[in-house]
Amino acid sequence: MNPYKNPDWNLNPTISAYLRSFFCILDEMVCRMTQAELSDSISYNFIVQMIPHHRAAIEMSQNILKYTADMRLRGIASQIISEQTQSIQNMLQIVCCCKNCQNSSQDICTYQARVNQILPVMFSGMRNACSTNCINANFIREMIPHHEGAVQMSENALNYPICQELRPILQAIIVSQKRGIAQMQQLLQCMNCNA
């Protein structure tokens, strides 16, 4: 639940500042992903929706790095920044080529219908993640559904004829995001902060 809409929350000022930044980043991501200008290319459509998704993860990771001293979480956040910055660069390099890889109207419709199922679940999971005075656990609970969304979007795209240069990028996203989910789930279990 967005803390702007819940005046009864009893969170310390640091957590409140962290959450204000988080929700601003999230709102921008939702806007850019849902308002992306789509085409008749699944490859292109994936890229224009995934780039703002990656950029949000980078900004959210930079946000947590301002507040956390936990070296394990700092490592995870730094890894997200590095991997997703590289992934954005890789997608930008092939976006023009991908736009020329057109799909049938039926494939476009089926692909986007699945995307339209994935996105609301991801947005809701992030927006409604339990927020407490344990800032580290907050970040993890917010980022896991973000990563899960990227995995599902990538797996969905791989079901269709797409640009061959995009395939290894999607496979890398799946591997890295699944690894990140496992790391964060393990760290969350280790935390002693009412996670």
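In the predicted model, the axes of helices α1 and α2 approach within 9 Å and cross at roughly 175°; axes are lines fitted to C-alpha atoms, for helices over the stretch in contact, with angles from 0 to 180 degrees between N-to-C directions. This crossing makes α1 roughly antiparallel to α2, a label applied to angles over 145 degrees. Helices are DSSP runs (H or I, at least four residues), numbered from the N terminus. This is a predicted model in which local features need pLDDT of at least 70 and side-chain atom pairs count only at pLDDT 80 or more, whereas totals for chains, interfaces and linings use all residues. Residues are numbered from 1 along each chain as its sequence is written, and side-chain values use heavy atoms, with hydrogens and water left out.

On the α1 side, Y18, S21, F22, I25, L26, M29, R32 and M33 meet Q49, P52, H53, A56, E59, M60, N63 and I64 of α2, contact meaning heavy atoms within 4.5 Å. The residues of this contact comprise 10 nonpolar, four polar and two charged; Ala, Val, Leu, Ile, Met, Phe, Trp, Tyr, Cys and Pro count as nonpolar, Asp, Glu, Lys and Arg as charged, and the others, Gly among them, as polar.

Of the 24 residues of α2, 20 are buried, and the helix is mostly covered; buried denotes under 20% relative accessible area (1.4 Å probe, protein chains only). The end C-alpha atoms of α2 are 34 Å apart, in agreement with the 34 Å that its 24 residues should span at 1.5 Å a residue, the expected span being 1.5 Å times one less than the number of residues.

The largest nonpolar core holds 64 residues, of which F46, I47, M60, F139, I140 and L166 touch the most other members. Such a core is a set of buried Ala, Val, Leu, Ile, Met, Phe, Trp, Tyr and Cys residues joined through side-chain atoms within 4.5 Å. Helix α2 gives the most to this core, with 12 residues. Not counting residues up to four places away in sequence, M60 touches F22, I25, L26, M126, F139 and M143.

Two further positions were examined. H147 is placed in helix α5 and counts as buried at 2% relative accessibility. Beyond residues up to four places away in sequence, H147 touches I80, Q84, Q177, G180, I181 and M184. A129 lies in the loop between α4 and α5 and is buried, with a relative accessible area of 10%. Leaving aside neighbours within four places in sequence, A129 is in contact with R141 and E142.

How values were computed
Buried means under 20% relative accessible area, exposed over 50%, partly exposed in between (1.4 Å probe, protein chains only). Helices (H or I, at least four residues) and strands (E, at least two) are DSSP runs, numbered from the N terminus. Angles under 35 degrees count as roughly parallel, over 145 as roughly antiparallel, 65 to 115 as roughly perpendicular and the rest as oblique.
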